[in-house]
Amino acid sequence: MNKENNNVQTVSTEVYEKNRSVRGCIATAWRWWCVNGSRLWRSAWCPVVLLALSVALHTLAHGGKDLSDDTPRLILSVVAAVVMLAAGTWAFARVMNILNQEGRRPNLRRAAVATAACLVGTAVVTGIIFGIMALCGTETADMPWWLAHIVAAVVLTLITLPLSAYNMAYMARANRPYLNGLGSGLWTALRHYGFLFMLIVLLGTMLLIVTAVVLLPLVILGMANDASVQGVVGGDPSGMPASMAWVGAIVAAIVTLILWYMWQLMTVALYYATGSVRWREARRRNMTTTDDTDQEQ
């Protein structure tokens with residue numbers, strides 16, 4: 001009897017480390033999401049609600065304005081960003097509680113380490129990209145803020161994919177400190193980059209389509225606010241109600257709840273993908289050992 005098909009909710013070493021195709025990883029993640037949907041919400045509702053509230057606070061503080069000359073709003077925006085990061089890390093640890101079943105404290109500690117590594121990696125990659133652009137004299141394209149955010153997120157995701165895969169493998173079965181095996185782990189992810197790339201592109205494309213639909217109300221509010229600001233600059237009276245900032249914050253919180261819950265498909269799919277990579281690497285080592293033994297004989 002296939003344990004994976006009959007009880008996706010129970011994750012064992014055999015289920016995690018199994019040879020799966022890209023389609024198999026996505027299908028397994030979908031079954032897991034369907035089976036564990038209510039459990040996922042019960043386990044992570046507190047950090048996810050905190051995440052949504054911090055996004056709403058950040059939206060309210062920013063309000064589509066330049067914060068460089070508004071110190072109180074800038075401080076509020078920074079505080080909201082820090083709370084966002086902490087809540088996201090906490091929520092990620094709660095998801096891993098269901099996946100690897102190794103306890104809240106170990107998963108929270110690993111999630112904090114993995115998040116810090118992602119921040120450092122993203123900062124380094126971003127610095128390199130902007131450094132190259134500065135040396136080449138390349139000017140950034142003029143595009144809407146929401147599209148610029150999506151493009152930047154996609155590019156950074158693809159570049160930092162090996163680090164993300166290593167972090168997920170570390171979260172799944174952490175039996176040593178983070179830095180021990182970092183080099184070999186990144187090299188392993190690079191060897192299987194094509195497999196991981198196809199997974200991210202296929203599932204990410206589907207999720208981005210749904211994300212675009214969910215973000216539509218927030219995009220409409222942002223465009224209306226930008227049009228109002230441009231009209232005020234041109235001398236026209238503002239047609240936006242005074243409560244529009246609060247409406248935008250509430251919409252941003254609701255959108256955050258939906259998107260977080262939906263994008264856990266990617267988290268689970270990457271979890272099973274790293275398990276497949278581990279299975280393939282173990283098989284490759286066994287085949288190498290067998291060949292060396294045969295040659296000695």
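This is a predicted model: local features need pLDDT of at least 70, side-chain atom pairs count only at pLDDT 80 or more; totals for chains, interfaces and linings use all residues.

Me: What makes the contact of arginine 110 with glutamate 102 a salt bridge?

Reply: The criterion is a side-chain nitrogen of Lys or Arg within 4 Å of a carboxyl oxygen of Asp or Glu. The N to O distance between arginine 110 and glutamate 102 is 2.6 Å, so the pair qualifies. Glutamate 102 itself is partly exposed, at 29%.

Me: How do you know that glutamate 281 and arginine 191 form a salt bridge?

Reply: Their closest N and O atoms are 2.5 Å apart, and the limit is 4 Å. This pair links distant parts of the chain, with glutamate 281 in helix H11 and arginine 191 in helix H9 (residues 182-191), 90 residues apart. Salt bridges with shared partners also join Arg191, Glu281 and Arg284 into one network.

Me: Which term, buried or partly exposed, applies to glutamate 281, and which to arginine 191?

Reply: Glutamate 281, at 6% relative accessibility, is buried, because the cut-off is under 20%. Arginine 191, at 37%, is partly exposed, because that term covers values between 20% and 50%.

Me: What makes glutamate 17 and arginine 278 a salt bridge, and what does the pair tie together?

Reply: The side chains meet at 3.8 Å, N to O, and the criterion is within 4 Å. Glutamate 17 lies in the loop between helix H2 (13-16) and H3, and arginine 278 in helix H11 (residues 244-296), so the pair ties together parts 261 residues apart in sequence. Glutamate 17 is partly exposed at 29%, as is arginine 278 at 27%.

Me: How many salt bridges does a search of the whole structure find?

Reply: The search finds 4.

Me: How do you know that the buried residues of H3 lie on the same side of the helix?

Reply: Those residues are Val22, Cys25, Ile26, Thr28, Ala29, Trp32 and Trp33. They cover an arc of only 165 degrees around the axis, which means that they share one side of H3. In general, an α-helix has 3.6 residues a turn, so residues three or four places apart point the same way.

Conventions: Residues are numbered from 1 along each chain as its sequence is written. Side-chain values use heavy atoms; hydrogens and water are left out. Buried means under 20% relative accessible area, exposed over 50%, partly exposed in between (1.4 Å probe, protein chains only). Helices (H or I, at least four residues) and strands (E, at least two) are DSSP runs, numbered from the N terminus. The arc is that of the directions from the helix axis to the C-beta atoms.
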